[in-house]
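Dear colleague,

I am handing over the structure we spoke about, together with some notes on what turned up in it. Please have the sequence and the model open beside this message as you read.

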Amino acid sequence: MKKVITYGTFDLLHQGHINLLRRAKALGDYLIVGVTTEEFDLARGKTNIHDSIQTRIEAVKATGYADEIIVEDYVGQKIDDIVRLGVDIFAIGSDWKGKFDYLKKYCSVVYLPRTKGISSTMLREAVKDGKNLIR
Ligand code: C2G
């Protein structure tokens, strides 16, 4: 069984996230999704997350692509997870191209195409402006 892992904040889950999860799942048989804690995101400079971790986990679950959801809350956890869970492929959006090449020591690393024209930042701005969101 080919195991794939991906990570993200998945704030205000949108079509870009759904495309990413679908493509990641298609790379193997079993998809593990790591959802970040508020603390982890704060530490990497993401300060304006809208949804709680419970909401973000539920949203990922609702896509139906994740076979297992874990929580990412410390730097260096990716290597621990890949080794512990016996992961074959690490997949992430192409905005991270090259950034996770250090994981090639442990598994294959695949950069998937990023969906254009949609982002959590855009949606957070729309929420702030009180716009009605169609996602
Ligand atoms: N994504 C995408 N297209 C978009 C927006 C996001 O393909 N329009 C992808 C990102 O490339 C990422 C995933 O969706 O693979 C989750 O994106 P974010 O929630 O922004 O999470 P990110 O900050 O990329 O977390 O440890 C955390 C991870 O390293 C990445």
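This is a predicted model: local features need pLDDT of at least 70, side-chain atom pairs count only at pLDDT 80 or more; totals for chains, interfaces and linings use all residues.

Leu12 has a phi near 50 degrees, which is a positive value in a residue other than glycine. Is Leu12 buried or exposed? Since buried means under 20% relative accessible area, Leu12 counts as buried because its relative accessibility is 3%.

Phe10 lies in the loop between S1 and H1 as well, and its phi, near 55 degrees, is likewise a positive value in a residue other than glycine. The relative accessible area of Phe10 is 5%, and therefore this residue is buried.

Thr9 also has its place in the loop between S1 and H1, and at 5% relative accessibility Thr9 counts as buried. The side chain of Thr9 makes a polar contact, at 3.4 Å, with the side chain of Thr36.

The ligand and its surroundings

The ligand sits in the largest pocket, and there are 22 residues around the ligand, of which Glu72, Asp95, Trp96, Thr115 and Ile118 come nearest. Sorted by class, the shell around the ligand holds eight nonpolar, eight polar and six charged residues.

Which elements supply at least two residues of that shell each? They include strand S1, covering 3-8, helix H1, covering 15-26, and strand S4, covering 89-93. The largest share comes from H1, which gives three residues to the shell around the ligand.

In the side chain of Arg44, an N or O atom is 3.0 Å from an oxygen atom of the ligand. For Gly93 the backbone is involved, with an N or O atom of that backbone lying 3.0 Å from an oxygen atom of the ligand. Taken alone, the ligand exposes 620 Å², and the protein buries 95% of that area.

Met1 is found in the segment before S1, and because its relative accessibility is 69%, where exposed means over 50%, Met1 counts as exposed. How far apart are Met1 and Gly16 in space? From C-alpha to C-alpha they are 27 Å apart, while in sequence they are 15 residues apart.

Asn48 has its place in the loop between helix H2, covering 38-43, and helix H3, covering 53-63. With a relative accessible area of 43%, Asn48 is partly exposed. Asn48 and Arg124 are 76 residues apart in sequence, yet their C-alpha atoms are 8.3 Å apart in space.

With kind regards

Methods. Residues are numbered from 1 along each chain as its sequence is written. Side-chain values use heavy atoms; hydrogens and water are left out. A residue is near a molecule or strand if one of its heavy atoms lies within 4 Å of it. A polar contact is a pair of N or O atoms within 3.5 Å; within protein, one must be able to donate a hydrogen and the other to accept it, and residues adjacent in sequence count only if both atoms are side-chain atoms. Accessible areas come from the Shrake-Rupley method with a 1.4 Å probe; for residues, only the protein chains shown count as cover. On a 1 Å grid over the protein atoms alone, a cavity is a set of points where a 1.4 Å probe fits but cannot get out, and a pocket is an open set with protein on both sides within 12 Å along at least five of seven lines; lining residues have an atom within 4 Å of a point. A molecule sits in a cavity or pocket if more than half of its atoms lie within 2 Å of its grid points. Helices (H or I, at least four residues) and strands (E, at least two) are DSSP runs, numbered from the N terminus. Ala, Val, Leu, Ile, Met, Phe, Trp, Tyr, Cys and Pro count as nonpolar, Asp, Glu, Lys and Arg as charged, and the others, Gly among them, as polar. Buried means under 20% relative accessible area, exposed over 50%, partly exposed in between (1.4 Å probe, protein chains only).
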